[in-house]
Amino acid sequence: MEIALIGIGKIAIDQHVPAIQNSPDWNLSATVSRHGTVAGVPAFHDFAQMLEERPDIRVVSLCLPPVPRFDYAAAAIRAGRHVMLEKPPGATLSECHALKAMAQAHRVSLYATWHSRQADKVLAAKAWLAEKALQKLTINWREDVRQWHPGQDWVFEAGGLGVFDPGINALSILTEILPEPVHLTGAQLHFPANREAPIAAECSFHHPRGAEVSMNLDWLEPGAPTWTIQAETDQGIMILENGGDKLTIDGEIDESVSDLTGEYPRLYAQMASLVQRGGIDMDLSPMRHVADAFTLGKRITVEPFEW
Ligand code: NAP
């Protein structure tokens, strides 16, 4: 299938381009970006022009930041294209509901991707937790924003989510692996005095059977990132590390190997299957927790942040 990639920036170059070019399902037939291009691929600056001039391209993958993404997604759906959305699928929940309704009306596929759910050990963690009684779960998601989003001011603008940009990855895993849903009960959000989005956060959640569930996010962690979820149960302790790539159960590392490796190759395989069967995959549960954190969270002003 022919696919166009929109918003040629960090994640498009790091992950989407290699995943598409190495996939048996896809041909990267066009890019749309104001500045970025991909060698050997026809480049457009204007999205409407690409949609008009390339009716052969039935699928578009949107790698823009969340705030500008809605207009692109809506235009693509109106033009009858299937749409794949980077995470988070929009700037607000209402936007995402609107896109879903539009996709249903236009009978096109819509995929809200959550790349961290495709990490190697997420399904193994889910299977292990399925039969256990959870007692305590702690998320620690700490990284250096200067390393992972160098100079990307949008992450600190309203709608950019701040530290919840990586934090929503943890929440996408949480909402996948827990057999019973939790909901947020409180949060503390640390806003740099000169920014519109938090740089750190602590959140607590209600669990239907009383387990203690919490999340700590920090964007000023120097050195290697910590992307860990630890779950204590009546039958042992599970530690999911490296953003879902490493699983240790009671001190023993899970060495199982899966056939298709890499989060983005799996996302593109799923998009191919979604388009073929004509489906919509729009799970908004990770984003709901983030919206709740912004609604309930107590705001603490901290030192200004400069790159
Ligand atoms: P980015 O490099 O800052 O932005 C991607 C591209 O979007 C830019 O190069 C820009 O291309 C275009 N763009 C930016 N603002 C725009 C606007 N207002 N209107 C139209 N186009 C605009 O961001 P990124 O790091 O790739 O992240 C993009 C999305 O991927 C985010 O939702 C992020 O959460 C997600 N993501 C990022 C990472 C990561 O490690 N960075 C990892 C996983 C997922 P032009 O200037 O050429 O138009």
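Phe47 is buried (relative accessible area under 20%, against over 50% for exposed and partly exposed in between, with a 1.4 Å probe and protein chains only), its own relative accessible area being 7%. The model is a predicted one, in which local features need pLDDT of at least 70 and side-chain atom pairs count only at pLDDT 80 or more, while totals for chains, interfaces and linings use all residues. Residues are numbered from 1 along each chain as its sequence is written, and side-chain values use heavy atoms, with hydrogens and water left out.

A pair of aromatic rings is described by the distance of the centres and the angle of the planes. Rings of Phe, Tyr and Trp (for Trp, the six-membered ring) pair if their centres lie within 6.5 Å; planes under 30 degrees apart count as stacked, over 60 as edge-to-face and the rest as tilted. Helices (H or I, at least four residues) and strands (E, at least two) are DSSP runs, numbered from the N terminus. Tyr72 is partly exposed, at a relative accessible area of 25%. Elsewhere, Phe156, Trp219, Phe305 and Trp307 are joined into a cluster by ring pairs.

Helix H1 (residues 10-21) and helix H8 (residues 263-277) have axes that come within 8 Å and cross at roughly 55°. H1 is therefore oblique to H8, the class left after roughly parallel (under 35 degrees), roughly antiparallel (over 145) and roughly perpendicular (65 to 115). Axes are lines fitted to C-alpha atoms, for helices over the stretch in contact, and angles run from 0 to 180 degrees between N-to-C directions. In this contact (heavy atoms within 4.5 Å), Ile11, Gln15, His16, Ala19 and Ile20 of H1 meet Tyr264, Pro265 and Tyr268 of H8.

Two loop residues were also examined. Arg117, in the loop between strand E6 (110-112) and helix H5 (122-129), is buried at a relative accessible area of 12%. Residues up to four places away in sequence aside, Arg117 touches Val122, Ser172, Ile173, Thr175, Glu176, Asp283, Ser285 and Pro286. Glu255, in the loop between strand E14 (252-253) and H8, is exposed at 63% relative accessibility. The C-alpha atoms of Glu255 and Lys121 are separated by 9.6 Å, although these residues lie 134 residues apart along the chain.
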